[in-house]
Amino acid sequence: MTEKTVLCVDDEVNVLRALKRLLRKEPFRLLTAESGPEALDILSREDVHLIVSDYRMPGMTGTELLSVVSERSPETVRVVLSGYADAASIVEAINKGHIFRFLAKPWSDEELKANLRACLEQHELIVRHRELTDELAQRNAELRSLSERQQSLIEERTRSLQMAQEVLQILPIPLVGVSTDGIVALSNAEGDLLLSSPIGADIREIFPSDLVSAIRQVMIDETRNCDAVTVQIEQETVNATVLPLRQAAVTRGCLVLLDVARYTLRLPVREGCHC
């Protein structure tokens, strides 16, 4: 832990000498100044954690000094040590100097040392609060950036999905998507026309048994690339091609392309295809 530094400011040299004697064994470095300007000069060169200032000093009062300190070094804990403990002076010190404590002269040695230790603990809390606030701000910035990236990715995927759906809809061949439980989950415009809007239907309700068997075989046999079968659907002779939908070797369903005689689309033959 960094050694703490305490700065005592008083225009009376005897007071500073007494403080040096009292605090010489305390676990912090003690600096002294005889005026407000001298104290500000020290603050410009030193990292001061606690400043203890007399209230009435010539040239610059303790309240004026601590007010400047609160602006230049807001984490420095500010304390007034004064024999003028009237209500007005206390209120002024609190409002203008933003002090943490107002200690009275003459002081009790043990009470003063206990108060200074408490003030240094307060400094630790202030620093920790600032660190946590900075960390929270950084985390929030990271979350905002992540959220923006995710939103951008979602928008891109949405556009891709919309394009894919548009492509499927304009394909001049009936096409349906079948889930692993045998339910039609997708159908393009030609598929709707041929099968009378089959989405949500069980394949056993709309396809001949030969095609149902081919679909099930493709989804069961992960080594099978595709299968084809010629069937009659709605009084049409259909060459049905079954294409598995797999991800990481796991079948997630299949596409069924229904190549009716009136359509001209033909799929390219792939290696290992049983079409």
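Guide: Let us begin with a cut-off: a residue is called exposed when its relative accessible area is over 50%, and buried when that area is under 20%. Please keep in mind that this is a predicted model.

Visitor: Why is arginine 21 called exposed?

Guide: Its relative accessibility is 53%, and the term exposed requires a value over 50%. Arginine 21 therefore counts as exposed. This residue has its place in helix H1, residues 13–23.

Visitor: Which residues gather with Arg21 in a patch of positive charge?

Guide: The patch on the surface brings together Arg17, Lys20, Arg21, Arg24 and Lys25. Lys and Arg count as positive, so the charge of this patch is called positive.

Visitor: Which residues form a patch of negative charge?

Guide: Asp11, Glu12, Glu34 and Glu38 gather in such a patch on the surface. One of them, aspartate 11, is found in the loop between strand E1 (5–9) and H1. With a relative accessibility of 30%, aspartate 11 counts as partly exposed.

Visitor: What makes the contact between lysine 105 and aspartate 54 a salt bridge?

Guide: The rule asks for a side-chain nitrogen of Lys or Arg within 4 Å of a carboxyl oxygen of Asp or Glu. In this pair the closest N and O atoms are 3.4 Å apart, so the contact meets the rule. Lysine 105 lies in the loop between strand E5 (101–104) and helix H5 (109–170), and aspartate 54 in the loop between strand E3 (50–53) and helix H3 (62–72), so the pair ties together parts that are 51 residues apart in sequence. Asp54 and Lys105 are also linked with Asp10 in a network of salt bridges.

Visitor: Is aspartate 54 buried or exposed?

Guide: Aspartate 54 has a relative accessible area of 5%. The limit for a buried residue is under 20%, and therefore aspartate 54 is buried.

Visitor: How many salt bridges are counted by this rule?

Guide: The count comes to 12 salt bridges. Among them is the one between glutamate 110 and lysine 113, whose closest N and O atoms are 3.2 Å apart. Both residues lie in helix H5, 3 residues apart, which is about one turn of the helix. Glutamate 110 is exposed at 52%, whereas lysine 113 is buried at 14%.

Visitor: How do you know that glutamate 131 is partly exposed?

Guide: The term covers values between the limits for buried and exposed, under 20% and over 50%. Glutamate 131 has a relative accessibility of 35%, so it counts as partly exposed. The side chain of glutamate 131 meets that of arginine 128 in a salt bridge, at 3.5 Å from N to O.

Visitor: What is remarked about the phi of serine 196 and of serine 197?

Guide: Serine 196 has a positive phi of about 60° although it is not a glycine. Phi of serine 197 is near 50°, again a positive value in a residue other than glycine. Serine 196 is found in the loop between H6 and helix H7 (203–206), and serine 197 is found in the loop between H6 and H7.

Visitor: Why is serine 197 called exposed?

Guide: Its relative accessible area is 55%.

Definitions and conventions
Residues numbered from 1 in each chain as written. Predicted model: local features only at pLDDT ≥ 70, side-chain atom pairs only at ≥ 80, totals over all residues. Heavy atoms only, no water. Patch = residues over 30% accessible without salt bridge, like charges linked within 9 Å, V, L, I, M, F, W, Y side chains within 5 Å. Areas by Shrake-Rupley, 256 points an atom, 1.4 Å probe, with all protein chains shown as cover. Charge placed at Lys NZ, Arg CZ, Asp CG, Glu CD. Helix = DSSP H or I, 4+ residues; strand = E, 2+ residues; numbered from the N terminus. Buried < 20%, exposed > 50% of the residue type's maximum accessible area, 1.4 Å probe, protein only.
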